[in-house]
Amino acid sequence: MEESQGDFLPSDVPESTSSYNCERNTSSAHSNHRSGFPGVKKRGHSSRSWIKIDQDGNVKILELDKAKIMRQCSLPSRDLRLLDPLFIYPSTILGREKAIVVSLEQIRCIITAEEVILMNSLDINVVQYKSELCKRLQAKKDQSDDLPFEFRALELALELTCMSLDVKVKELEMEIYPVLDELASSINTLNLERVRRLKGHLLTLTQRVQKVRDELEHLMDDDGDMAEMYLTEKKLRSEGNTPHEINPLTNFSGGTRQVSKSAPVSPIASTSGAPRLQRAFSSIVTASKQGSLTSSHGGDNIEQLEMLLEAYFVVIDHTLSKLLSLKEYIDDTEDLINIKLGNVQNHLIQFELLLTAATFVATLFAAVAGVFGMNFAASIFDYPSAFSWVLIITGAGCGLLYFSFLLYFKYKKIFPL
């Protein structure tokens with residue numbers, strides 16, 4: 001590109017001017033490089049503390065930046081974001097070419113065929129994972145184990161995650177069952193607020209457990225993802241299929257048996273071409289047989305990994321079933337509370353009906369009293385006992401009317417009497 005741009009420069013430009021411009025551009029580039037963008041540089045090349053655990057259980061504390069981890073483990077940048085403690089991502093297990101990216105709750109690590117790179121943290125789950133993994137690796141150093149290194153590290157991460165979630169579910173059960181029983185017997189604002197807070201915790205925990213279960217189910221349903229996670233087999237395959245074994249007809253690099261194309265071919269050398277081709281064909285057949293054996297061995301390991309994932313899938317599914325049963329218990333308690341509140345509301349409505357009927361009867365009595373309280377001339381006022389008879393007849397009529405209302409309510413089964 002520089003040569004093509006140089007061809008288009010005007011020929012009458014002095015050489016001193018062009019050299020001055022080059023020096024100026026160089027100096028400005030150096031100044032920009034010195035000043036730079038410190039924020040971008042800090043985000044792109046900042047080092048963090050990591051814990052490295054090898055196959056023998058040895059622990060090292062390393063300061064690694066993001067770019068170095070990406071080169072060493074052949075991981076894209078988006079996978080490393082899953083390990084960043086500043087971001088909250090759901091539980092994920094990703095199988096890559098040279099590593100397994102594990103993000104299960106607080107356990108966030110990169111598992112390779114030879115080591116585990118763990119985010120250095122003071123979290124109890126991270127400390128427990130580091131100590132337990134070292135203990136298991138050192139205990140099984142002299143023992144034969146069918147599981148490869150990456151599966152043992154993954155198994156421990158799943159085990160600690162399932163145990164941690166199960167412990168949280170048990171703590172929530174111990175806390176929520178007494179509150180629900182108390183709320184069922186005594187409905188008040190304090191108990192309702194406690195149940196609302198615990199229900200929020202329950203929904204959050206259910207989502208976390210559901211994500212782990214869905215991730216395990218997704219891995220078990222995809223054979224390609226499980227085959228991608230067997231790092232030891234891929235490493236042995238890459239080390240076994242060297243270029244010398246793949247192409248035996250290739251000349252030695254030392255040049256001891258290099259044949260020139262212009263050199264004459266002797267009849268003796270030409271007759272040995274058939275055995276050479278036969279040996280090459282036999283080597284190709286042997287390589288294909290080894291490849292088929294390796295693929296069948298990979299299928300066994302896929303089945304082995306599937307059994308491993310299925311075991312912890314059963315555990316996390318049992319934990320999820322406990323959360324769902326707890327949610328059903330909360331829903332049943334809410335239904336019971338709604339029934340009780342509905343019953344109280346029905347009693348209030350019944351009492352309101354009785355008061356309305358009594359008010360209607362009292363209004364009639366007051367209307368009769370208001371009529372006789374008017375200032376008009378009537379012969380009934382000439383009898384002293386007439387007022388008493390009016391009160392008696394009016395009261396009896398109002399009582400009979402109220403009793404008729406009660407009979408009507410009973411006939412319509414508005415409320416039992």
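Mentor: Start with strand E5, residues 107–111, which is mostly covered: 5 of its 5 residues are buried. Buried means under 20% relative accessible area, exposed over 50%, and partly exposed in between, with a 1.4 Å probe and protein chains only. Strands (E, at least two residues) and helices (H or I, at least four) are DSSP runs numbered from the N terminus. This is a predicted model, where local features need pLDDT of at least 70, side-chain atom pairs count only at pLDDT 80 or more, and totals for chains, interfaces and linings use all residues. Residues are numbered from 1 along each chain as its sequence is written, and side-chain values use heavy atoms, leaving out hydrogens and water.

Trainee: Which residues of E5 point which way?
Mentor: Ile107, Cys109 and Ile111 point one way, Arg108 and Ile110 the other, and all are buried.

Trainee: What joins E4 to E5?
Mentor: 5 bridges join strand E4 (residues 100–104) to E5, and the two run antiparallel. Two strands pair if DSSP finds at least two bridges between them. Leu104 stands opposite Ile107. E4 and E5 form a hairpin with 2 residues between them, and Glu105 in the turn has a positive phi of about 55°.

Trainee: And how many bridges join E5 to E6?
Mentor: 3 bridges join E5 to strand E6 (residues 115–119), again antiparallel. Ile110 stands opposite Ile117 in E6, and a hairpin joins E5 to E6 through 3 residues.
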